Amino acid sequence: GNIRYLNGFIIDITGEKKTKDELVMLYRAVEQSPATVVITNAKGEIEYVNPKFVQLTGYSFGEAMGKNPRILKSGFQNGEFYKNLWNTILAGNEWRGEFHNRKKNGDYYWEFASISPIRDAKGRITHFIAVKEDVTMRKRAEEALAESEKKLRIRNEIMEKDLKLAQIIQRSFIPEKVPRFEGLNIEYRYQPLDKVGGDFFSFAELGDNAFGIFQCDVAGHGVAAALFMSLVKSATDRIARIHPNDPEKFLGKLNTMLIE
């Protein structure tokens with residue numbers, strides 16, 4: 001009954017150990033990933049979701065197991081969208097695109113997803129893996145930018161129309177004729193800036209071979225300034241005929257009319 005020998009064996013498990021360590025590292029990477037990871041079987045039934053999925057969607061690990069990813073379907077994307085997705089991955093290809101999904105609490109969100117088939121040693125598709133990134137904030141920013149650009153475009157169109165109308169009003173008040181005196185040749189050149197809507201000049205014959213030139217710069221641009229300019233010019237022409245040689249009375253009367 002005395003032990004004379006020990007009979008045993010030694011197996012080199014270095015490779016298995018390395019593989020196990022790599023699997024543990026891969027598992028931790030997936031568990032701690034900031035992206036949502038979902039693995040389904042070939043029928044589309046969920047077999048794994050990482051913590052990010054639980055945090056984002058509100059569905060627990062147990063609630064997601066065995067379900068189809070359509071539990072996230074919001075109804076914003078039609079059947080053709082999902083048909084194209086399945087045709088792509090069943091053919092063994094990677095699909096990339098955006099989902100407009102719905103969380104467990106009913107909130108909507110956007111995801112950019114990459115879905116790929118997983119094959120066994122014989123090349124048969126056994127699972128699908130989806131890696132998805134929450135892009136809701138980016139989509140909201142894009143929508144806000146598009147809305148801002150739309151409003152800016154409308155405002156620019158309105159502004160352009162206003163300026164064109166202001167120019168038409170402005171041109172209508174440019175003197176067509178200039179005073180003519182013996183021995184004196186009078187000409188003018190009018191070069192307003194494209195966006196000026198309130199500047200004008202006018203001639204006023206004062207009698208005894210004399211004439212006055214009125215120049216006015218109305219504050220502001222656009223239709224409002226152009227309309228105010230028409231008021232000032234109309235008043236100027238009318239008062240100049242009453243007080244052609246008395247600047248004090250002319251300006252006093254003009255101010256009174258504008259205030260009224």
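In the hairpin that E4 and E5 form, with five residues between the strands, Gly-123 takes a positive phi near 85°. Strands here (E, at least two residues) and helices (H or I, at least four) are DSSP runs, numbered from the N terminus. Before going further, a word on what you're looking at: this is a predicted model, where local features need pLDDT of at least 70 and side-chain atom pairs count only at pLDDT 80 or more, while totals for chains, interfaces and linings use all residues. Residues are numbered from 1 along each chain as its sequence is written, and side-chain values use heavy atoms, with hydrogens and water left out.

Strand E4 covers residues 108-119 and runs antiparallel to E5, with nine bridges joining them; two strands count as paired if DSSP finds at least two bridges between them. A salt bridge here means a side-chain nitrogen of Lys or Arg within 4 Å of a carboxyl oxygen of Asp or Glu. Asp-120 counts as partly exposed because its relative accessibility is 25%; the scale calls a residue buried under 20% relative accessible area, exposed over 50%, and partly exposed in between, using a 1.4 Å probe and protein chains only.

E5 (residues 125-134) also pairs with strand E1 (residues 36-41), in the antiparallel sense over six bridges. Along that pairing, Val-37 stands opposite Val-131, and the bridge partner of Thr-36 is Lys-132. E1 has another partner too: three bridges join E1 to strand E2 (residues 46-49), and these two run antiparallel. Thr-40 has Ile-46 as its bridge partner in E2. E1 and E2 make a hairpin with four residues between them, and Gly-44 in the turn has a positive phi of about 90°. So how enclosed is E1? Five of its six residues are buried, so E1 is largely enclosed by the rest of the structure.

Now for the helices. Helix H5 spans residues 136-172, and its 37 residues reach 54 Å from the first C-alpha to the last, close to the 54 Å expected at 1.5 Å a residue. That expected span is 1.5 Å times one less than the number of residues. The buried residues of H5 include Thr-136 and Lys-139, as well as Leu-163, Ala-166 and Ile-169. Lys-139 turns up again in a network of salt bridges that links it with Glu-98, Arg-138 and Glu-142.

Which residue pairs with Glu-63 in a salt bridge? The side chain of Glu-63 meets that of Lys-104, at 2.6 Å from N to O. This pair links distant parts of the chain: Glu-63 sits in helix H3 (residues 61-64) and Lys-104 in the loop between strand E3 (95-102) and E4, 41 residues apart. Glu-63 counts as partly exposed because its relative accessibility is 32%, and Lys-104 is partly exposed with a relative accessible area of 45%. The structure holds nine salt bridges.

Helix H6 (residues 223-242) is where you'll find Thr-236. Is Thr-236 buried or exposed? Thr-236 counts as buried, because its relative accessibility is 3%. Not counting residues up to four places away in sequence, Thr-236 touches Phe-200, Phe-214, Phe-250 and Leu-254, where contact means heavy atoms within 4.5 Å. For a sense of scale, the C-alpha atoms of Thr-236 and Ala-64 are separated by 82 Å, with the two residues 172 apart along the chain.

Leaving aside neighbours within four places in sequence, Lys-233 is in contact with Phe-173, Phe-200, Phe-201 and Ser-202. Lys-233 also forms a salt bridge with Asp-237, the closest N and O atoms being 2.8 Å apart. Both residues lie in H6, four residues apart, about one turn of the helix. An α-helix has 3.6 residues a turn, so residues three or four places apart point the same way.

One last stop is the surface. Phe-9, found in the segment before helix H1 (14-31), counts as exposed because its relative accessibility is 70%. Together Phe-9, Ile-11 and Ile-13 make a nonpolar surface patch of about 370 Å². Patches are made of residues with over 30% relative accessible area and no salt bridge, joining like charges within 9 Å and nonpolar side chains (Val, Leu, Ile, Met, Phe, Trp, Tyr) within 5 Å; the areas come from the Shrake-Rupley method with a 1.4 Å probe, and for residues only the protein chains shown count as cover.
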